[in-house]
Amino acid sequence: MTTRTFPAPTAILRHAVLLVTAALILAPFVWMVSLSIKPPGEIFRASFSFWPEQFYGIENYTKAITQAPLLRYMLNGVIVCASILALQIAVCAPAAYALAKLEFAGRDLLFALVLIALLLPHEVLALPLFILGAKIGVLNTYAALIFPYVVSPFGIFLFRQLFKTIPDDVVHAARLDGYSELGIVWKIMVPMALPAIIAFGIFSVVSHWNSLFWPLIAVRDQNLMPPPLGIMAFKNEEAGNDYGPLMAASTLVVAPLAIAFLAAQRWFVEGLARGAVK
């Protein structure tokens, strides 16, 4: 005779909390997609229904692409985010290796400074960066959007924590094989840290793809605007916001991030788990 087992109350409560949290997180995205396919007359109705009585998606999405150069904005986002990520890995990986595997005076102090930098919001540096950019003449260029983010304290911290889990014997064996320190970083450590790099890449791309504060200060040329700044073209002070195309543009901007995250979810979780504090 078999006995049926029921989930423990703690497991039920945990899953209930997760489901409620997921619903609260997904609700704005569901609302955004719903508004993107509705005509203006249905957007401000008191009652909510996901599917509109009159489907207006083709008009809204067509207007989102044609009313403003949305595809250009998204291309700018790809250029900026890819450049930032490549430069961050190029800087953070050697720095993290030095903090994890090399012995030198002041190493712990430098790591403490990295931890302090993690506590500082980037907005604190906006004014000094703006003055510096104005003096060296890089404002209103791609460089103004890229170079303030080249050094990532979070990237250094995450890579350093993962490099600490790699046995020192691996490093010693590589040195005996004739590898230089940079060779060890790029041929040994980085391939072993691929899950953490993917996790960091998702954090970096999402953060800078969605960034509005610094681009709003750094660029004025419409051909340089990233997606969040570009979709402000649908804001009209005189006629009001055109919410249908605005929500359609927002959906198009968010969709690549959602697809990329779902595709890399397994490596994302593994990278964060392997890079956790020991």
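This passage describes the fold, the surface and selected residues of a predicted model. Residues are numbered from 1 along each chain as its sequence is written, and side-chain values use heavy atoms, with hydrogens and water left out. Because the model is predicted, local features need pLDDT of at least 70 and side-chain atom pairs count only at pLDDT 80 or more, while totals for chains, interfaces and linings use all residues.

The protein chain contains 15 helices and zero strands; helices (H or I, at least four residues) and strands (E, at least two) are DSSP runs, numbered from the N terminus. Of its 278 residues, 37% count as buried, where buried means under 20% relative accessible area, exposed over 50%, and partly exposed in between (1.4 Å probe, protein chains only). Among contacts in the chain with a separation of 6 or more, 74% are accounted for by residues 24 or more positions apart, a contact being heavy atoms within 4.5 Å. Accessible areas come from the Shrake-Rupley method with a 1.4 Å probe, and for residues only the protein chains shown count as cover.

A nonpolar patch on the surface is formed by Ile25, Leu26, Phe29, Val30, Trp31, Phe48, Phe50, Trp51, Phe55 and Ile58, which together have about 1100 Å² of accessible area. Patches are made of residues with over 30% relative accessible area and no salt bridge, with like charges joined within 9 Å and nonpolar side chains (Val, Leu, Ile, Met, Phe, Trp, Tyr) within 5 Å. A salt bridge is a side-chain nitrogen of Lys or Arg within 4 Å of a carboxyl oxygen of Asp or Glu. Helix H1 (residues 9-35) contributes five residues, the largest share of the patch. Phenylalanine 50 lies in the loop between helix H2 (40-43) and helix H3 (57-66), and counts as partly exposed because its relative accessibility is 36%.

Glutamate 42 is placed in helix H2 and is buried, with a relative accessible area of 8%. Its side chain reaches the backbone nitrogen of glutamate 53 at 3.0 Å. Leaving aside residues up to four places away in sequence, glutamate 42 touches Pro52, Glu53 and Gln54. In helix H3, threonine 62 is partly exposed at 43% relative accessibility. Threonine 62 and proline 245 are 183 residues apart in sequence, yet 8.1 Å separates their C-alpha atoms.

Asparagine 140 is found in the loop between helix H6 (126-136) and helix H7 (142-146), and its relative accessible area of 22% makes it partly exposed. Phi of asparagine 140 is near 65°, a positive value in a residue other than glycine. Most residues other than glycine have a negative phi.

Glutamine 161, in helix H8 (residues 153-165), counts as buried at 5% relative accessibility. Its side chain is joined to that of arginine 160 by a polar contact of 2.6 Å. A polar contact is a pair of N or O atoms within 3.5 Å; within protein, one must be able to donate a hydrogen and the other to accept it, and residues adjacent in sequence count only if both atoms are side-chain atoms.

Helix H11 (residues 194-209) has 16 residues and reaches 22 Å from its first C-alpha to its last, close to the 22 Å expected at 1.5 Å a residue. Buried residues of H11 include Pro195, Phe200, His208 and Trp209.

Note on methods. The expected span of a helix is 1.5 Å times one less than its number of residues.
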